[in-house]
Amino acid sequence: MKIIRFTAGLVASALLLAGCGAVEDSGAGPGSKHLDLVTVYPANSTDAHVNHTSFILNSGTTETLVGLDPETNELYGWLATDWSSEDSIHWTFAIREGVSFHDGTPMDAEAVRTSLQHSIDVNPGMAAALKIAEMQAEGHTLKITTSEPYASLPSQLVHYNTVITNVAASTEYPIGTGAFRFTSFNTTGAAELERFEDYWDGKAKLDSVTMTANEDANTRLLSLQSGQADVIYRPSLESLDALEKDSDFTVDAVPGARVYHLIYNYRGANSDLFNNIEFRRGINALVDREAIAGTILHGNAAVTDNPMPGGSPLSPPLEDISFSTDKALEHFRKAGLDVTDGRVTRNGAPVTLKVGTYVARPELPQIAQAVQANAAKLGIEMTIDTADNIDEYLLAGDWDLATYSLATLTRGDGSYFVNGAFLPDGAQNFGGLDDPTLISMIDTFNATVDTQSRAGQIRDIAVYVRDQSYNSYIVSPFETSAYKKTVSGWITPSNEFEFQMITRDLDIEQ
């Protein structure tokens, strides 16, 4: 049975699995409860503070000061019991007492300060995101001073690169505080975990876990169907119907916290076009959101016209999302292009655009092809580049628009997204968008402490971005998983960044 949860918060098969990130024999002893999970992306480093992916590190081994409730999408105290600030510059965090690292070292404010400082020192992105100017530790009280008024600090401390580890320990893998501890961690293979008997929040039900990453959805599916995996994250959308009909498995799909969208290059070869709001509106009218959601994503997505997925207090209501070549032509005409007999030209020549995409999310190249086909009806020529590393491709700048997936409803308030995607120096502002009005809105948001006011400001930002047609927001894909009926306590996260997959309540019948 397929479960849809609306919260704020599957002799040839064996050969294919071999050598492709397949689940390895864990060697778990008789009678012990062992679970095998296959997720998507491998870790690029054993240093938790520089790792580019969260899949292995949200394994229940490491924890952050602040958590995000998967049901309400609200912040809660995790390794910090509470925090306060009167001016959003000077912050006081009460560090939870009675917590030990996996090597037995007590966790206090100094250990937290050292861990956060390491993250700042080795990760420029986190240094920019946290904006920490000074930290002072005494007992179980940590005082943080930010470089500017920054009400987003607590939500930034949800980021997986801010996990608290014992950085003084000389080990090959992170020494955290979670319900499980690493016994091995190979970035090219599996991570082996065992229950941490002295976990501060109660012992886990499982004895051990093997986490394996494989970017190929079909291989993940085969690992489940062959019995090697107990849980797989993100089975291919084409496999969901067959898995739902199999009485051995449960398929889970939850509304996600990310969007698939077209991003525009405001400083590329065709910057004059993309800096024209009417041209952007014309491209937006060529996006058939309903067809993309229903056909390419097999109904496992919600259409959207703005960066904040629906169902959240941060999400503005949808406006006109209709696909219309007639509307597109009218916008292109207003943009100063020539429109004759339903064809668009510029200075007597066809408009030619380069579209970037990538296969890590297999729906994105298909979305690029759908937009390409609709543009071709109007004489607009789009060539598609499939990048091995999409971020490096976008940073190189030789593109006009690109299909991209980005978690937007993150850290409980969207602050990480708006700062990264719309500020001139933002890590995800690949197109070089620079709008003083939008920057001012974000600066005001960053300095606002009141939760309701912040939610309203995020909605205003989302509406402004939509009204200006900065990028074209298309669908919010569901996050999916499939697992054996013998598994209990599994919760499919709405995104892979803020929620642990291996929890103390996860269990399996042996």
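Lysine 131 is placed in the loop between helix 3 and strand 7. Helices (H or I, at least four residues) and strands (E, at least two) are DSSP runs numbered from the N terminus. The phi angle of lysine 131 is near 55°, a positive value in a residue other than glycine.

The model is predicted, so that local features need pLDDT of at least 70 and side-chain atom pairs count only at pLDDT 80 or more, while totals for chains, interfaces and linings use all residues. Residues are numbered from 1 along each chain as its sequence is written, and side-chain values use heavy atoms, with hydrogens and water left out.

Asparagine 347 is found in the loop between strand 17 (343–346) and strand 18 (349–350).

The table lists relative accessibility for several positions. Buried means under 20% relative accessible area, exposed over 50%, and partly exposed in between (1.4 Å probe, protein chains only).

| Residue | Relative accessibility | Class |
|---|---|---|
| Asparagine 347 | 75% | exposed |
| Leucine 395 | 65% | exposed |
| Aspartate 87 | 35% | partly exposed |
| Methionine 501 | 2% | buried |
| Glutamine 156 | 1% | buried |

Glutamine 156 lies in helix 4 (residues 153–156). Leaving aside residues up to four places away in sequence, glutamine 156 touches Met126, Ala129, Leu130, Tyr150, Thr162, Arg411, Ser415 and Tyr416; contact here means heavy atoms within 4.5 Å. Methionine 501 is found in the loop between strand 23 (487–488) and strand 24 (507–508). Between methionine 501 and glutamine 156 there are 345 residues of sequence separation and a C-alpha to C-alpha distance of 20 Å.

Aspartate 87 occupies the loop between strand 5 (80–85) and strand 6. The C-alpha atom of aspartate 87 is separated by 7.0 Å from that of proline 149, with the two residues 62 residues apart along the chain. Leucine 395 belongs to helix 12 (residues 390–396). A distance of 9.4 Å separates the C-alpha atoms of leucine 395 and asparagine 429, which are 34 residues apart along the chain.

Helix 2 (residues 109–122) has 14 residues, which at 1.5 Å a residue should span 20 Å; the end C-alpha atoms of helix 2 are 20 Å apart, in agreement. The expected span of a helix is 1.5 Å times one less than its number of residues. In helix 2, the buried residues are Ala109, Ala111, Val112, Ser115, Leu116, Ser119 and Ile120. The elements covering these buried residues of helix 2 include strand 6 (90–95), helix 3 (124–130), strand 7 (132–138) and strand 8 (141–146).

Glu363, Leu364, Pro365, Ile367, Ala368, Val371, Asn374 and Ala375 are the buried residues of helix 11. Their cover includes helix 9 (289–296) together with strand 14 (258–264), strand 19 (352–357), strand 20 (381–386), strand 21 (401–407) and strand 22 (472–484).

**Two helix pairs**

Two packed helices are described by the angle between their axes and the distance between the axes. Axes are lines fitted to C-alpha atoms, for helices over the stretch in contact, and angles run from 0 to 180 degrees between N-to-C directions.

Helix 8 (residues 277–285) packs on helix 10 (residues 325–334) at an angle of about 165°, with the axes 7 Å apart. Helix 8 and helix 10 are therefore roughly antiparallel to each other; angles under 35 degrees count as roughly parallel, over 145 as roughly antiparallel, 65 to 115 as roughly perpendicular and the rest as oblique. The contact is formed by Glu278, Phe279, Arg281, Gly282, Ile283 and Ala285 of helix 8 and by Lys327, Ala328, His331, Phe332 and Lys334 of helix 10. These contact residues divide into 5 nonpolar, 2 polar and 4 charged, where Ala, Val, Leu, Ile, Met, Phe, Trp, Tyr, Cys and Pro count as nonpolar, Asp, Glu, Lys and Arg as charged, and the others, Gly among them, as polar.

Helix 14 (residues 436–446) and helix 15 (residues 451–467) pack at an angle of about 165°, and their axes are 10 Å apart. Helix 14 and helix 15 are therefore roughly antiparallel to each other.
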